[in-house]
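Here's a quick tour of a protein model, meant for someone just starting out. Have a look at the structure first, then read on.

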Amino acid sequence: MKYLFLLILLLPIAAQVYVTWRLWQLLPLPLYGKVVVSVSLAVAFALFILSVLPQLDRFPMAVSTVIYHIGTSWLLVMFYLLMLFVVLDLLRLCHVVPTTLLYDSWRGSAMVIGTIIVLFTYGYIHYRHKERVVLSLQTEKPLAKPLRIVMTSDWHLGYHNRRAELARWIDLINAEQPDMVLIAGDIIDRSLRPLREEGMAEEFHRISAPVYASLGNHEYISGEPGALDFYREAGIRLLKDSAAIVGDIVIIGRDDRTRYRRHSLDALRQGLPKEKYLILLDHQPYHLEEAEAAGVDFQLSGHTHHGQVWPVSWITDALYECAFGPHQRGATRYYVSSGLGIWGGKFRIGTRSEYVVAELSQK
């Protein structure tokens, strides 16, 4: 575990050094100009480190917000600069790209910087757009009337997704006139401070339908006791290894797998009426076979963000049986959401932010 932590720490440091070195070689600037750029990149990297540390909460709110935005955004920009320079260096070694394009070159600088600006402008605009996904669910179990259920995950409210953004999301949900709203964890990002200072709990009371949610790993990162208090203040019905019977629907919310001693799904299933449609909220989409074996009709998960940016989405696709979208095992249907919000820099490249509108009806 110690070596894994060191590797995780060393990888971004190595990327930072490589990107800084290649920009030093690329930019046709005098020495002081190269030094200014290099120092600026070092500061951005230091802000990234600070953005994931508890000390971030000690700064004034406006300062913490700037640190979080710059630091986490730089991580993504550095990642794409790393990929771009690796590709260009490989093409240079294969004599496809001339060496002069990558050393003290205005043309090469314009190409690299222009690519990053266009890519991240698109990524930000794409993140701001919330994809509306329609899902049709049918059941042979008794259902007094068709139900419209808005399903989401991974709001990540915090220093980057503030109350004004939350209000816009709630307007989208209310426009659907849902019978209920389900949230599969990670409502909170990394700290409760922005949620408390901006009174975000009050905003949740505008949702025009009952809200049921399960915990995610970020509720534990932010501090579980405080997260539970926030859920109560927001009027959210938290299902933490517990179930709720809502008319013809049974909703089970599993504790996040961060807590190793959470109850088994079989234990949670015991004593619940089997004739009702069963929905499971489980933040992390591991061991999907458990829901199938327990006779769950539908499982909603999140957590993966579908990698958030390409090509990380390829990694999540390899790690999970289903990392994004609809899935089915036997009679059990699943949906793994890429999330309504996002962690860190507000960019979606090759993935999407979304909310699901599920129509549940009887066959």
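The second largest pocket is lined by 14 residues, and those nearest its centre are Val52, Leu53, Arg190, Ile221 and Ser222. Keep in mind that this is a predicted model: local features need pLDDT of at least 70, side-chain atom pairs count only at pLDDT 80 or more, and totals for chains, interfaces and linings use all residues. Residues are numbered from 1 along each chain as its sequence is written, and side-chain values use heavy atoms, with hydrogens and water left out.

**The second largest pocket**

- On a 1 Å grid over the protein atoms alone, a pocket is an open set of points with protein on both sides within 12 Å along at least five of seven lines, and lining residues have an atom within 4 Å of a point.
- The second largest pocket has a volume of about 250 Å³, where volume means the space filled by probe spheres set on the points, and points are joined across faces, edges and corners.
- Sorted by class, the lining of the second largest pocket has seven nonpolar, five polar and two charged residues.
- For these classes, Ala, Val, Leu, Ile, Met, Phe, Trp, Tyr, Cys and Pro are nonpolar, Asp, Glu, Lys and Arg are charged, and the others, Gly among them, are polar.

**Arg190**

- You'll find Arg190 in the loop between β3 and α6 (193–197).
- Is Arg190 buried or exposed? Arg190 counts as buried because its relative accessibility is 13%; buried means under 20% relative accessible area, exposed over 50%, and partly exposed in between (1.4 Å probe, protein chains only).
- A polar atom of the Arg190 side chain lies 2.7 Å from the backbone oxygen of Leu53, and one lies 3.2 Å from the backbone oxygen of Ser51.

**Helix α3**

- α3 has 33 residues and reaches 48 Å from its first C-alpha to its last, close to the 48 Å expected at 1.5 Å a residue; the expected span is 1.5 Å times one less than the number of residues.
- After α3 comes His95, with a positive phi near 65°.

**The six-stranded sheet**

- An open sheet has six strands in the order β1-β12-β2-β3-β4-β5, with mixed pairing; two strands pair if DSSP finds at least two bridges between them.
- The edge strands, β1 (130–139) and β5 (237–238), each pair on one side only.
- β3 (residues 180–184) and β4 (residues 211–214) run parallel and are joined by four bridges, with Ala184 opposite Ser214 in β4.

**Strand β7 and its partners**

- Five of the five residues in β7 (residues 249–253) are buried: Ile249, Ile251 and Gly253 point one way, Val250 and Ile252 the other way.
- β6 (residues 242–246) runs antiparallel to β7 over five bridges, and Ala243 stands opposite Ile252 in β7.
- β6 and β7 form a hairpin with two residues between them, and Gly247 in the turn has a positive phi of about 60°.
- β7 also pairs with β8 (residues 277–281), in the parallel sense, over five bridges; Leu281 in β8 is the bridge partner of Gly253.

How values were computed: On a 1 Å grid over the protein atoms alone, a cavity is a set of points where a 1.4 Å probe fits but cannot get out, and a pocket is an open set with protein on both sides within 12 Å along at least five of seven lines; lining residues have an atom within 4 Å of a point. A polar contact is a pair of N or O atoms within 3.5 Å; within protein, one must be able to donate a hydrogen and the other to accept it, and residues adjacent in sequence count only if both atoms are side-chain atoms.
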